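Subject: Structure for you to look at

Hello,

Here is the structure I said I would pass on. Please open it beside this message and follow along.

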Amino acid sequence: MVWYDIIQSLYDYLKAIAPTRHIACGALEPGDVDLSADANGLSGAIFLIRDREYDEKIHHGGEGVVTFYVENWVRSDNPDPLDGYTALSAQEASFREVLTTWFYAQQQVDTNTVNADLINLEIDETIGDADSRRPILGSRTTVQVTWSKRT
């Protein structure tokens, strides 16, 4: 399934780049993950979560849209809430850069790891995650990828 290929490809790309301490697939409990900096200075977590597929047309190979969530999580023990927002904002910006680089890599034949042509990438919205409880802060970004396997 294309949704799986997309999430697996992005997961592998994120693991190779290592923008955060933890990268996982699925809706994990952020409090169960050590978000503090490791020996290399990496902190935070990114979770990739499947949402839905729609507008799927299966004639002549198929095409459609995959929607998934990306949760960014950070920890800030600083009593000033702005410190946590600063860390979260920086991690979100870093993720967007990596997401864009991954998408463009999928446009090249020698670096495409998804079993489809990726036509468009959109960020629908980013919201504060409802599970945020200081000192842990998170956001949820809705990502849409339009794909095609037209023959």
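**The cores**

The largest nonpolar core has 23 residues, and those with the most contacts inside it are Ile6, Leu14, Phe68, Trp102 and Leu118. A nonpolar core here is a set of buried Ala, Val, Leu, Ile, Met, Phe, Trp, Tyr and Cys residues joined through side-chain atoms within 4.5 Å. Buried means under 20% relative accessible area, exposed means over 50%, and partly exposed lies in between (1.4 Å probe, protein chains only). At least two residues of this core come from each of α1 (2-17), β2 (45-57), β3 (63-75), α2 (81-105) and β5 (136-148). Helices (H or I, at least four residues) and strands (E, at least two) are DSSP runs, numbered from the N terminus. The largest share, 6 residues, is supplied by α1. A second, separate core of 9 residues includes Leu35, Phe47, Tyr69 and Ile136. In soluble globular proteins, nonpolar side chains tend to be buried together.

Before going on, note that this is a predicted model: local features need pLDDT of at least 70, side-chain atom pairs count only at pLDDT 80 or more, and totals for chains, interfaces and linings use all residues. Residues are numbered from 1 along each chain as its sequence is written, and side-chain values use heavy atoms, with hydrogens and water left out.

α1 has 16 residues and reaches 22 Å from its first C-alpha to its last, close to the 22 Å expected at 1.5 Å a residue. The expected span is 1.5 Å times one less than the number of residues in the helix. Which residues of α1 are buried? They are Val2, Trp3, Ile6, Ile7, Ser9, Leu10 and Leu14. These residues lie on the same side of α1, because they cover an arc of only 160° around the axis; the arc is that of the directions from the helix axis to the C-beta atoms. An α-helix has 3.6 residues a turn, so residues three or four places apart point the same way. The cover over the buried residues of α1 includes β1 (22-25), β2, β3, α2, β4 (117-128) and β5.

Trp102 touches Ile6, Ser9, Leu10, Tyr13, Val114 and Leu118, not counting residues up to four places away in sequence. Contact means heavy atoms within 4.5 Å.

Trp73 lies in strand β3. Is Trp73 buried or exposed? Trp73 is buried, with a relative accessible area of 0%. Leaving out residues up to four places away in sequence, its contacts include Pro30, Phe47, Gln91, Asp129 and Leu137. Trp73 and Leu137 are 64 residues apart in sequence, yet 5.8 Å apart in space, C-alpha to C-alpha.

**Rings and charges**

The structure holds 2 aromatic pairs. Rings of Phe, Tyr and Trp (its six-membered ring) pair if their centres lie within 6.5 Å; planes under 30 degrees apart count as stacked, over 60 as edge-to-face and the rest as tilted. Trp3 and Tyr4 are edge-to-face, at 6.0 Å centre to centre and 90° between the planes. Phe103 and Tyr104 are also edge-to-face, at 6.0 Å centre to centre and 65° between the planes. Phe103 is buried at 8% relative accessibility, whereas Tyr104 is exposed at 54%.

The charged end of Arg50 sits over the ring of Trp3, 3.8 Å from its centre. The charged end of Arg140 sits over the ring of Tyr69, 4.1 Å from its centre. A charge sits over a ring if NZ of Lys or CZ of Arg is within 6 Å of the ring centre and within 35 degrees of the ring normal.

**Backbone details**

Most residues other than glycine have a negative phi, and most peptide bonds are trans. Ala18 is not a glycine, but has a positive phi of about 55°. Ala18 is in the loop between α1 and β1 and is partly exposed, with a relative accessible area of 28%. The peptide bond from Arg134 to Pro135 is cis, with omega near 15°. Pro135 is in the loop between β4 and β5.

Regards
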